[in-house]
Amino acid sequence: MPEGDTVWQTARRLHTALAGHVLTRSDLRVPKYATADLTGRTVLDVTPRGKHLLTRIEGGLTLHSHLRMDGSWKVYAPGERWSGGPGHQIRVILGTADRTAVGYRLPVLDLLRTTDEERAVGHLGPDLLGPDWDPDKALANLLRDPARPLGEALLDQRNLAGIGNIYKSELCFLLRATPWIPIGDLPAEHAARLPALAKKLLEANRDRPVRSTTGRRDQNLYVYGRAPRPCLRCRTSIRAANQGDGSRERPTYWCPTCQQGPAPHPRPSPHP
């Protein structure tokens, strides 16, 4: 699933391409909105909210989309070959005289009144890259269930919006705690710096073409995707295992030496 910085970059590309321009083509390829026609309306802005995208359109309408695991938005110039996937994977086309935005494999696509946006994103916690960011509220949300594993709490968008599986693993490494430690057992000084650290990572990467959490040129990430290669700090082999609530398991990476707390037996590495 895309991280908040990726969604922020997508929103910026869409906003640059569409905002202030009249739609000359509108094609929503989902049965519920098959007859909806947005042509003739001006795109007002494209705003990210956590991992959600809100494309606001003249007339009080908002096109809400979510990329989930495989979705993407591509922007094309006139005459440019579309390369985001086969035609049957296209869910929406929004075209102006100068650019065409195409949404591929979008599992969530809703057309709603702009005044009803809270129905789609009102459940989200403070947005790490948004104007509503509130570190105290984010921390309070995270600590509301002290028995919950740290990694699961970080991924819950109701606590704070924008963290995906990569940042989850990297944040846990920087906090020197395993993703399975109950968040209430996290040392108070580590918990206190968690919101600011998360925001720092996402802000540092929202303008970068390649995500980096290490600040190094030779290695962009500390642990994510690196099992069984050596830890950049202590040279212990990075480990990998699945983490989830039973409904959705995600690969998780950690260093058994640098990070303290409970951890499962490692599964065979997906990166030999």
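Here's a quick look at the cores and the sheet in this predicted model.

Let's start with the nonpolar packing. The largest nonpolar core counts 38 residues, and the ones with the most contacts inside it are Leu 150, Leu 154, Ile 163 and Phe 173. Helices α3 (135-142), α4 (150-155), α5 (165-174) and α6 (188-205) are the elements that each supply two or more of its residues. Of these, α6 gives the largest share, with 6 residues.

Ile 163 is worth a click in the viewer. Setting aside neighbours within four places in sequence, Ile 163 touches Leu 128, Leu 154, Leu 155, Leu 171 and Ala 198, and also Glu 3, Lys 51, Gln 157 and Lys 168.

| Core | Size | Some members |
|---|---|---|
| Largest nonpolar core | 38 residues | Leu 150, Leu 154, Ile 163, Phe 173 |
| Second core | 24 residues | Ala 17, Leu 28, Ile 57, Val 92 |

Now for the sheet. Its 4 strands run in the order β1-β6-β7-β5, paired antiparallel, and the sheet is open. β1 (25-28) and β5 (72-76) sit at the edges with a single partner strand each, so one side of each has no neighbour in the sheet. From one strand to the next, the twist averages 15°.

The partner of β1 is β6 (residues 90-95), with 4 bridges in the antiparallel sense. In this pair, Leu 28 stands opposite Val 92 of β6, and the second core includes both Leu 28 and Val 92.

Finally, helix α1 (residues 4-18) packs on the sheet, where it touches β5, β6 and β7 (100-104). The direction of α1 makes about 35° with that of β5.

Methods
Residues are numbered from 1 along each chain as its sequence is written. This is a predicted model: local features need pLDDT of at least 70, side-chain atom pairs count only at pLDDT 80 or more; totals for chains, interfaces and linings use all residues. Side-chain values use heavy atoms; hydrogens and water are left out. A nonpolar core is a set of buried Ala, Val, Leu, Ile, Met, Phe, Trp, Tyr and Cys residues joined through side-chain atoms within 4.5 Å. Buried means under 20% relative accessible area, exposed over 50%, partly exposed in between (1.4 Å probe, protein chains only). Contact means heavy atoms within 4.5 Å. Two strands pair if DSSP finds at least two bridges between them. Axes are lines fitted to C-alpha atoms, for helices over the stretch in contact, and angles run from 0 to 180 degrees between N-to-C directions.
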